[in-house]
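Please go through this note with the structure open beside you. Each point takes up one place or one topic.

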Amino acid sequence: MPGKLILVRHGQSVWNVENLFTGWHDVDLSDQGRKEAAQAGREILQENIAVDIAFTSVLKRAIRTLWLMLDGMDRMWIPVERSWRLNERHYGALQGLNKTQTVEKHGEAQVKIWRRSYDIPPPPLELSDARHPSHDVRYAHVDAAELPAAESLKDTLNRVLPYWHSRIAPELRAGRNVMVAAHGNSLRAMVKMLNNVSEKDIVELNIPTGVPLLYELDARLNPVSSRYLGDPAAIAAAAEAVKRQTEKK
C-alpha cells in the first residue's frame, strides 16, 4: 500500500507582498508566510499523518516553510532532501521586476502570455547576467546545460518529472508518507501529472500558499482522492488571495 502524499506551497514571501517577479531569487517568508507555514503543520498534525520523509527546493522560502511545519509536528528529525528540481519556475529576465511596471512597459497581453501560458517562457537571462543560476554556488554541481535562463510551466514540468520518478515515487511505493514543500509552479507541474490536467486547464489552476494538499494514491500512484486540509472558509480565503495575486497588475 503506497504512502500518503502531501503537497504544500510555501507561505507568502516578501516579494509576493512587494508584487515582484520572484522565480529563483532567494527571498524569505513574510510574517504572514511564517504564520501560514505554522498553521499548515498544525493541519497535518490534526489529520494524524506521520510524515516519514520530506522533499523541498533549495530556496529558503520553501525550506523555512518545511522547517516550521516539521517543528509544529515535532518531526524535525525525519530525512529531508533538497533539490533544485523542485525550485519555482525560472522567470528569466523578469525576475526582480515589479509586475505593474512590467505591464506598463510591455503591455498587459504580453505579460499575461509570459505569466500564464503553458509553453511560452519569458525573456531569458543572458549568461553574463548576475541573476543567471550559473553564478550561484548552490547550482555548481548541476550540469550547466540543465540550468535554465527562463522557463515556461512546460519546462518546469520537464525538470520536476525526473525527480518525481527517481526520488519521490519510490518512497511512496515503499509505503512512506511523503511531504513536498515547494512552489506554486513546481507543485502545479506535479498536480498536472497526478490529475492528468490538460494544458488548457492547468493555466487556470492556482495553489494557495501554506495550505496542505493531501493525496491518497493507489498502487500505481494514481490519485484515489485529494483534498486541502483545514477550515473550508480559510482555504477559500487563501485560494482567493492567490487568485488576486495572480491577477494583480
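1. **Arg82.** Arg82 sits in strand β3. Helices and strands here are DSSP runs (helices: H or I, at least four residues; strands: E, at least two), numbered from the N terminus. Arg82 is partly exposed, with a relative accessible area of 43%. On this scale buried means under 20% relative accessible area, exposed means over 50%, and partly exposed is in between (1.4 Å probe, protein chains only). Leaving out residues up to four places away in sequence, Arg82 touches Thr56, Ser57, Val58, Ile63 and Trp67. Contact means heavy atoms within 4.5 Å. Val242 is 160 residues from Arg82 in sequence and 25 Å away in space, C-alpha to C-alpha.

2. **What kind of model this is.** The model is predicted: local features need pLDDT of at least 70, side-chain atom pairs count only at pLDDT 80 or more, and totals for chains, interfaces and linings use all residues. Residues are numbered from 1 along each chain as its sequence is written, and side-chain values use heavy atoms, with hydrogens and water left out.

3. **The whole chain.** The protein chain has 9 helices and 6 strands. Its C-alpha atoms fill a box of roughly 50 × 40 × 35 Å along the principal axes. How does the radius of gyration of the protein chain agree with that of a compact globule? A compact globule of 249 residues would have a value near 18 Å, and the protein chain has 17 Å, which agrees. The radius is taken over C-alpha atoms, and the globule rule is 2.2 Å times the number of residues to the power 0.38.

4. Buried residues make up 51% of the 249 residues. The protein chain exposes about 11600 Å², and carbon and sulfur atoms supply 50% of that area. Accessible areas come from the Shrake-Rupley method with a 1.4 Å probe; for residues, only the protein chains shown count as cover. Now take the contacts between residues at least 6 apart in sequence: 76% of them join residues at least 24 apart.

5. **The largest nonpolar core.** A nonpolar core is a set of buried Ala, Val, Leu, Ile, Met, Phe, Trp, Tyr and Cys residues joined through side-chain atoms within 4.5 Å. The largest one has 30 residues, and Leu5, Leu7, Trp164, Ile168, Val180 and Met190 touch the most other members. β1, β2, α6, β4, α7 and β5 each supply at least two residues of this core. Which helix gives the largest share of this core? That is α6, with 8 residues. Apart from this core lies another, of 16 residues, among them Ile44, Ile49, Ala54 and Leu214.

6. **Trp164 and Met190.** Trp164 lies in helix α6. At 3% relative accessibility, Trp164 counts as buried. Beyond its neighbours within four places in sequence, Trp164 is in contact with Leu5, Ala169, Pro170, Leu172, Met190, Met193, Leu194 and Leu221. Arg85 is 79 residues from Trp164 along the chain, yet their C-alpha atoms are separated by 9.3 Å.

7. **Phe21 and its aromatic pair.** Is Phe21 buried or exposed? At 1% relative accessibility, Phe21 counts as buried. Rings of Phe, Tyr and Trp (its six-membered ring) pair if their centres lie within 6.5 Å; planes under 30 degrees apart count as stacked, over 60 as edge-to-face and the rest as tilted. The count comes to 4 aromatic pairs. Phe21 and Tyr91 form a tilted one, 5.6 Å centre to centre with 45° between the planes. Phe21 lies in the loop between α1 and α2, and Tyr91 in the loop between β3 and α4, so the pair ties together parts that are 70 residues apart in sequence. Lys99 lies over the face of Phe21, at 5.6 Å from the ring centre. That label requires NZ of Lys or CZ of Arg within 6 Å of the ring centre and within 35 degrees of the ring normal. Elsewhere, Trp24, Trp84 and Tyr139 form one aromatic cluster.

8. **Two positive phi values.** Most residues other than glycine have a negative phi. Asn19 has a positive phi of about 60° although it is not a glycine. Asn19 is in the loop between α1 and α2, and is buried, with a relative accessible area of 6%. Leu221 also has a positive phi, near 65°. Leu221 lies in the loop between β5 and β6, and is buried at 7%.
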